[in-house]
Amino acid sequence: MKTFFVAAVAVFGVYAFPFKAAAQDAIVQEGEFGIGLGAAHYFGDLNTRAHLNRPKIAGTIFFRKNFSNYISARIAATYARVGYSDVYNSDNEYMYRRNLSFNSNVWELALLGDFNFFRFMPGEPGFNFTPYITLGIGAFSYDPFAYLNGEKVYLRPLGTEGQGSPQYPDRKQYSLTQLEVPMGFGVKYYVRENLYVGIEILHRQTFTDYLDNTSTTYISPDLFDKYLSPTQALQAKQLMYREKFYDPTINRPYVDQQRGDPKDKDAYFSTFIKIGWRLGQWNPALRQLRCPVYY
């Protein structure tokens, strides 16, 4: 997916800067190219109450094609770091004892359609600001991990809920590439004829419940010895339920009890401050962009 992400950025360069014949002595640039920097947050089985108390860094790069002053489409490549911790972020006693945590690097490629509420025309007084809404489809990759004794441990290979175990044939290993539905809103304002700034909030509803590696019920720790290496089995036992990790005398009957809610899929969102450049027809003689088209 990371290779796909890099290739997508390269595609932006090809489509964002097309050239016409040299005889016209002009460069034709259509649409908008931009970048954004902000924060991302996760919602799921470790954050069931939609708290906004653990934002992490996120960034995006995009190319937008304008079909009118109201309607446009864009392709966007985004990176976001997401994560959560029962101990540090939850105010629920059960979740605090459970003591699960995760982090993940999310790489996303999405196609979105935007609708401006106002006519948006750069360089035209009264038409240089608009709120907008957006909806699309995307794909993302992720790979949740946690820290154990200071060591970074990827969680998927451990099958902490019996994924890949013969004893739980219905629990397959989850895919690290998933689909999503991004939806959101924002505002943008042209500060110059070819430069605008904006703020966007974008929510992604995913089709997986394993963004946080937590979904179903606990299994017996003894099962890890049957399908994992000794090192992985020890890690899985310590990471599946971490109250015992801090207090070995605790022996709660948690096998087959709820660890997560498989009916409630995970989600994440981002808030970006964006800068965009209008890509129009540049006339070297007049040293100005082509006039915007009225619709």
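Trainee: How many cavities of 30 Å³ or more does the count come to?

Mentor: This is a predicted model, and the count comes to four cavities of 30 Å³ or more.

Trainee: How much space lies in the largest cavity, and which residues line it?

Mentor: The largest cavity holds about 70 Å³ of space. Its lining consists of Leu 100, Ser 101, Ala 146, Leu 155, Asp 212, Asn 213, Thr 214, Leu 239, Arg 242 and Arg 259. Sorted by class, this lining has four nonpolar, three polar and three charged residues.

Trainee: What can be said of the second largest cavity and its lining by class?

Mentor: About 50 Å³ of space lies in the second largest cavity. Among its lining residues are Leu 46, Arg 49, His 51, Tyr 84, Asp 91 and Met 95. By class, the lining divides into three nonpolar, six polar and two charged residues.

Trainee: Let us turn to the aromatic rings. How many aromatic pairs are there?

Mentor: The count comes to 18 aromatic pairs. To read a pair, one considers the distance between the ring centres and the angle between the planes, with angles over 60 degrees counting as edge-to-face. The rings of Phe 140 and Tyr 268 have centres 5.9 Å apart and planes at 70 degrees, so this pair is edge-to-face.

Trainee: Which parts of the chain does that pair tie together?

Mentor: Phe 140 belongs to strand β6 (residues 129-141) and Tyr 268 to strand β11 (residues 267-278), so the pair ties together parts that are 128 residues apart in sequence. Phe 140 and Tyr 268 are both buried.

Trainee: What is the geometry of the pair formed by Tyr 218 and Tyr 241?

Mentor: Tyr 218 and Tyr 241 are edge-to-face, at 5.3 Å centre to centre with 85 degrees between the planes. Tyr 218 lies in the loop between β10 and α4, and Tyr 241 in the loop between α5 (230-240) and α6 (243-246), so the pair ties together parts 23 residues apart in sequence. Tyr 218 and Tyr 241 are both buried.

Trainee: Finally, where does Thr 217 lie, and what does it touch?

Mentor: Thr 217 lies in the loop between β10 (195-206) and α4 (224-227). Leaving aside residues up to four places away in sequence, Thr 217 touches Glu 161, Arg 171, Asp 256, Gln 257, Gln 258 and Arg 259. With Arg 171, Thr 217 makes a side-chain to side-chain polar contact of 2.7 Å.

Methods:
Residues are numbered from 1 along each chain as its sequence is written. This is a predicted model: local features need pLDDT of at least 70, side-chain atom pairs count only at pLDDT 80 or more; totals for chains, interfaces and linings use all residues. Side-chain values use heavy atoms; hydrogens and water are left out. Helices (H or I, at least four residues) and strands (E, at least two) are DSSP runs, numbered from the N terminus. A polar contact is a pair of N or O atoms within 3.5 Å; within protein, one must be able to donate a hydrogen and the other to accept it, and residues adjacent in sequence count only if both atoms are side-chain atoms. Contact means heavy atoms within 4.5 Å. On a 1 Å grid over the protein atoms alone, a cavity is a set of points where a 1.4 Å probe fits but cannot get out, and a pocket is an open set with protein on both sides within 12 Å along at least five of seven lines; lining residues have an atom within 4 Å of a point. Grid points are joined across faces, edges and corners, and a volume is the space filled by probe spheres set on the points. Ala, Val, Leu, Ile, Met, Phe, Trp, Tyr, Cys and Pro count as nonpolar, Asp, Glu, Lys and Arg as charged, and the others, Gly among them, as polar. Rings of Phe, Tyr and Trp (its six-membered ring) pair if their centres lie within 6.5 Å; planes under 30 degrees apart count as stacked, over 60 as edge-to-face and the rest as tilted. Buried means under 20% relative accessible area, exposed over 50%, partly exposed in between (1.4 Å probe, protein chains only).
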